Amino acid sequence: MHTRKLGNSDLNITAVGFGAWAIGGAGYDFGWGPQEDADSIAAIHRALELGVNWIDTAAVYGIGHSEEVVGRALKTWRGVRPHIFTKCAMRWDAQGRVTKVHKRDSILKECDDSLRRLQTDVIDLYQIHWPPEDNGPDVEESWQAMADLQQQGKVRWISVSNYSVEQMKRLEKIAPITSDQPPYSLLRRKIENDVLPYCEQRNIGTIIYSPMLSGLLTGAMTKERAANLPADDWRTRNPEFREPKLSKNLELVERMRAVGKRYNRTPGEVAIAWALRLPAVTGAIVGARNATQAEGVMSAGELTLSRQDIAEIEGAVAIAQAAH
């Protein structure tokens, strides 16, 4: 797989990275329902066999469990060690209720906890998961803590996720930002107006998440499956998975299936390739819950869509959205 340089770092990453949110399983506010660890480890190994060279996780995924599973998968992986990306600033209580915490001491402790769970002595890319709700002085306090962790050698590069241009400008006064991690997909294009141009201008990498809109655009989602998601799967609360939007979204998937057929690719791979079509997008985070799912999506970074394909896909989105 070809690689792209991530922002100001020395990390050359494959266009697709393994996303470890769903493999955290259930038991907290943002769970994806039950998940077998053996399936998760097989999914990670298959992604790495296919050439993926980075894994994106977070402390909060499965309230520590995703990081532990990633650590276990790497212990039994015989190939080259992938780059490990994780995130902080989402803390949880005994009931699995999650709150954002951006205090310095909390971030320093979180880093040590993540290093322990991942069974590693350094995190390649450490990201603040979400900005503070009040947009107050914790924006700076948390970033200073990140810069200190980098100086201490516990993390190699420091980044953010879900940050606005205005927030990134504040951070840059303290220390350079390696990347931002925003959501981006055919149905969520807001970053094209501000975040992407700013990051490109400032040499800040952009790793996008949910290019398949959390499984909705894979080609495997159906009305029945959406209706029968486990009660502890957060997607049951997502309006994109409910009517009236669901039918329109599934119509869009069928149009993408037609484009994918030309290349013998799935709708999910088409959705990922679309998100990667812009040079400002360094990489896309793609989740898989078992080896078969990994097989179906991890090579999407090698698919290049023609201008005609892109026009066809975007036309289908316009039709779907006009009907919403």
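A residue counts as buried when its relative accessible area is under 20%. By this cut-off, Tyr 61 is buried, because its relative accessibility is 8%. The legends below describe close-up views of a predicted model.

**View 1. Tyr 61 and its aromatic cluster.** Tyr 61 is located in the loop that connects β4 with α2. Together with Trp 21 and Trp 234, Tyr 61 makes up one aromatic cluster. Between the C-alpha atoms of Tyr 61 and Thr 86 the distance is 9.9 Å, although 25 residues separate the two in sequence.

**View 2. The stacked pair of Trp 21 and Trp 234.** A pair of aromatic rings is described by the distance of the centres and the angle of the planes. The structure contains four aromatic pairs. One of these is formed by Trp 21 and Trp 234, whose ring centres are 4.9 Å apart and whose planes make an angle of 15°, so the pair is classed as stacked, a term applied to planes under 30 degrees apart. The pair connects distant parts of the chain, its members being 213 residues apart: Trp 21 belongs to the loop between β3 (16-19) and α1 (37-49), and Trp 234 to the loop between α7 (223-227) and α8 (245-261). Trp 234 is buried because its relative accessibility is 15%.

**View 3. A charged group over the ring of Trp 274.** The ring of Trp 274 has the charged end of Arg 277 over it. The distance from that charged end to the ring centre is 3.9 Å.

**View 4. The parallel barrel.** Eight strands form a closed barrel with parallel pairing, in the order β3-β4-β5-β8-β9-β10-β11-β12. From one strand to the next, the twist averages 30°. Helix α4 (residues 138-152) packs on the sheet and touches β5 (83-88), β8 (123-128) and β9 (155-161). The direction of α4 makes about 160° with that of β9.

View 5. Strands of a sheet pair through backbone hydrogen bonds, either parallel or antiparallel. Two bridges join β3 to strand β4 (residues 54-56) in the parallel sense, and Phe 18 stands opposite Ile 55 in β4. β5 and β8 run parallel and are joined by four bridges; Cys 88 faces Ile 128 of β8 as its opposite residue. β8 is also joined to β9, by five bridges and again in parallel, with Leu 125 opposite Trp 157 in β9. Strand β8 is mostly covered, six of its six residues being buried.

**View 6. Helix α3 and its buried residues.** Helix α3 (residues 104-118) has 15 residues, which should span 21 Å at 1.5 Å a residue; the end C-alpha atoms are 21 Å apart, in agreement with this expectation. The buried residues of α3 include Ile 107, Leu 108, Cys 111, Leu 115 and Leu 118, and among them are also the charged residues Glu 110, Asp 113 and Arg 117. The packing partners of the buried residues of α3 are α2 (65-75), β5, β6 (90-92), β8, α4 and β9. Just after α3, Gln 119 adopts a positive phi of about 55°.

**View 7. Glu 166 in helix α5.** Glu 166 is part of helix α5 (residues 165-172). Glu 166 counts as partly exposed because its relative accessibility is 40%. The C-alpha atom of Glu 166 is 9.9 Å from that of Asp 194, a residue 28 positions away along the chain.

Methods:
Residues are numbered from 1 along each chain as its sequence is written. This is a predicted model: local features need pLDDT of at least 70, side-chain atom pairs count only at pLDDT 80 or more; totals for chains, interfaces and linings use all residues. Side-chain values use heavy atoms; hydrogens and water are left out. Rings of Phe, Tyr and Trp (its six-membered ring) pair if their centres lie within 6.5 Å; planes under 30 degrees apart count as stacked, over 60 as edge-to-face and the rest as tilted. Buried means under 20% relative accessible area, exposed over 50%, partly exposed in between (1.4 Å probe, protein chains only). A charge sits over a ring if NZ of Lys or CZ of Arg is within 6 Å of the ring centre and within 35 degrees of the ring normal. Two strands pair if DSSP finds at least two bridges between them. Axes are lines fitted to C-alpha atoms, for helices over the stretch in contact, and angles run from 0 to 180 degrees between N-to-C directions. Contact means heavy atoms within 4.5 Å. The expected span of a helix is 1.5 Å times one less than its number of residues.
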